[in-house]
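User: I have a chain here and would like to understand the labels used for its parts. Could you walk me through them?

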Amino acid sequence: MTQTVDGRAAAAATEEPMTHRQILEALSGLLLVLFVALVSSTIVSTALPKIIGALNGTQSQYTWVVTATLLTATASTPIWGKLADLYNKKLLVQVSIVIFVIGSMLSGLSQNAGELIAARAFQGIGVGGLQALVQVVIAAMIPPRERGRYNGYLGGVMAVATVGGPLLGGLIVDTSWLGWRWCFFVGVPVAVIALIVLQKTLHVATLRRDNVKIDYLGAALIAAGVSVLLIWVSFVDGSFAWLSWQTAVMVGAGVVLLALAVWVEKRAAEPVVPLPILAERTTALSIVASLAVGMAMFGGAVFLGQYFQIGRGYTPTEAGLLTIPLMAGVLISSIVVGRLITSSGRIKPYIVFGTIVLVAGFGVLSTIDHATSLYFVGFGMLLVGIGVGSSMQNLVLAVQNTVQLKDIGAASSTVAFFRSLGGTIGVSVLGAVLARRVTDNITHALADAGLPASASGGETSNLNLNALPEAMQHIVRAAYGDATGHIFLISAGIAVVGVIAALLMRPTALRTTLDLKVDEKVGEPK
C-alpha cells in the first residue's frame, strides 16, 4: 500500500534505520526477483544453440534473441527508474514481474525465430524494470556504507543464478520429454512465488507529491533514439555497408532523436534522466565504466555457451558445467569485496582492481581456439568473473552514494541503462564480428578441403549441426572455436576504457545515512 507522507515524516522515516532482520526479510523477495531475471537470460545461454537449431535460425537471429531483450530492457530502464522516484516502488516491481512472466510464456510458445525474438523483446521491458527497481528499493532501505555487505548477497544470488541457469537450461534441452520451451516456462512458478513473498515482506514508504508530471516525450525520444542506433549496429556490415544511405538515415535519425531528448530533458519539470546528476564527476565516470564493463562482459560472455557447444562439441549440460569458473569468480569476489567495502568505507580501489582483472581475463580468453586446454579457458573465465564481481554492482553503489534519496531511482537506473546499453552494443557488434569471421573461416576451410560451397548444407542453419554432413560438422566446429578468441580480444580492448574511467574517479567515503543532505559533501575517508 502506498503511504502518503509529508516532507518531515519522510525525513524522519529515512533517519530510522531498519534492523538487520527487517532488511533480510525485505531482501528475500527482492533477491528472488533478481534470481528470476538472471535465470531468464542465463538459462538460454547454453540452450540457445539448440533452440535456434530447432527453429532453423541463423547466426544473426541467434544474436537477436539476446539483443532484443537487452534493447527493450535498455530503453525502458530509465523510465522505470524515474517512475520509482514518483510512485510506489513495490507496485512497480510487481508490475515488472507480471510483464516478465507474460514475455516468458510467449517465448515458450514461439513457433519460429522471429516470434521468439518478438517475445523476448516484450520480456525485456519487464527485465528493464527488475534490473532498475531492485537496486532502487535496496538503496531506499540501506545506507551506502552498509550496502557493501548486502551487495555480497546480491553477488551470491547472481552467482547461483548464473551457474544454475546454464545447468538447468542444459538439462532441459537434453531431456527429451521436456524440450527447449521449458527453458522459458520454468521461471513462471518462481516469479509467482516472488510476487507472494514481496507482498508479505516488502514495505517501502512512498513520498507522494502533488502535481507530478511524467516526461513522456523525453522517455519516448530516448527509447526511440537508442533503439534506432542499436538496430543500426546490429545490421551494419551485414545487411548493408558502413558507408551507405541506410547508415546515413539510421545514424542521422538516432542522433537527432537523442539531441531532441537532451533539449526536452533540460526543460522538463520531471526529467526521466536529470542532467545535473550526469554532470557529477563520479556519476559520469561510473557511467563510462559501466558502459565499457557491460559491453565487454555481456558481449563476450554470451558467446561462451556457443563456443563450448558448437566450437568444442559439448552438450548443453556440459557447457553449463564448464562455465562454473566464471560464476565462481563472481560469487567469491562480490562477497569478499562487499565486506571489504563495508569495513573500510572505500570503494574506488576495488572498482579499479575489478576492471584491471576483467581486462586480464579477456586477454587470456583472446588466445583460445577450438583446441585450447579447458583448464586455460577456465582460468580466463575465473579472472573475468572476479573482475565483474568486484566492479559491476559497486559502480552503481558509487553513484548512489553521491545523490539524494529523492533522485536515487533516476541515478541508479541511469547507470543500469548505460550498462545495459553497453551490453546491447557489445552483443550486437561482437555477434556481427563473430558471424563474419565464422563465414570467412568456413569459406576458406571448404576451399582448402576441395569441397563445393553446397557442402555447407544449403538452407540448413550452421547451428543445426546434426543436420549437416559429417565433414561440414568438423569445419563448422573449428570455425566457431577459432573465431571466438577474436571477439574476446575486442572485449579486452573495450574493458580498458573501464580501467581508465575507474582510475579517474574521485576517492570518496561512503556515507552512513540513507539520505544526502543538500549541503553535504561526500569526501575522502578518514
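Analyst: Happy to. A helix here is a DSSP run of H or I with at least four residues, numbered from the N terminus. By that numbering, arginine 312 sits in the loop between helix 13 and helix 14 (316-322). Please keep in mind that this is a predicted model.

User: How many helices and strands does the chain have?

Analyst: There are 19 helices and 0 strands. Of the 526 residues, 56% are buried. The accessible surface is about 21000 Å², and carbon and sulfur atoms account for 67% of that.

User: What makes helix 16 roughly antiparallel to helix 17?

Analyst: The angle does. The axes of helix 16 (residues 348-365) and helix 17 (residues 374-400) cross at roughly 150° and come within 7 Å. Angles over 145 degrees count as roughly antiparallel, so helix 16 is roughly antiparallel to helix 17. The crossing of these two helices is left-handed.

User: And why is helix 13 called roughly antiparallel to helix 17?

Analyst: Again, set the angle against the cut-off. Helix 13 (residues 304-311) and helix 17 have axes that cross at roughly 170° and come within 13 Å. The cut-off is over 145 degrees, so helix 13 is roughly antiparallel to helix 17. Leu304, Tyr307 and Phe308 of helix 13 make the contact with Leu374, Val377 and Met381 of helix 17.

User: How do you know that threonine 355 is buried?

Analyst: Threonine 355, which lies in helix 16, has a relative accessible area of 1%. Buried means under 20%, so threonine 355 qualifies. Leaving aside neighbours within four places in sequence, threonine 355 is in contact with Val293, Ser391, Gly498, Val499 and Ala502.

User: Why does serine 391 count as buried?

Analyst: Serine 391, found in helix 17, has 0% relative accessibility. That value meets the under 20% cut-off, so serine 391 counts as buried. Beyond residues up to four places away in sequence, serine 391 touches Val293, Ile351, Gly354 and Thr355.

User: What makes alanine 84 buried?

Analyst: The same test applies. Alanine 84 belongs to helix 3 (residues 59-86), and its relative accessible area is 0%. With the limit at under 20%, alanine 84 is therefore buried. Lys89, Leu92, Leu133 and Val136 are its contacts, not counting residues up to four places away in sequence. Alanine 84 and isoleucine 408 are 8.7 Å apart, C-alpha to C-alpha, yet 324 residues apart in sequence.

User: Which residues have the most contacts inside the largest nonpolar core?

Analyst: Leu30, Val33, Leu48, Ile51, Ile97 and Ile442 do, in a core of 96 residues. Helix 2 (residues 20-54) supplies the largest share of this core, 17 residues. Another core lies apart from it, with 35 residues, including Val388, Phe488, Ala495 and Ala502.

Methods:
Residues are numbered from 1 along each chain as its sequence is written. This is a predicted model: local features need pLDDT of at least 70, side-chain atom pairs count only at pLDDT 80 or more; totals for chains, interfaces and linings use all residues. Side-chain values use heavy atoms; hydrogens and water are left out. A nonpolar core is a set of buried Ala, Val, Leu, Ile, Met, Phe, Trp, Tyr and Cys residues joined through side-chain atoms within 4.5 Å. Buried means under 20% relative accessible area, exposed over 50%, partly exposed in between (1.4 Å probe, protein chains only). Accessible areas come from the Shrake-Rupley method with a 1.4 Å probe; for residues, only the protein chains shown count as cover. Axes are lines fitted to C-alpha atoms, for helices over the stretch in contact, and angles run from 0 to 180 degrees between N-to-C directions. Angles under 35 degrees count as roughly parallel, over 145 as roughly antiparallel, 65 to 115 as roughly perpendicular and the rest as oblique. A crossing is left-handed if the near helix is turned anticlockwise from the far one by less than a right angle, and right-handed if clockwise. Contact means heavy atoms within 4.5 Å.
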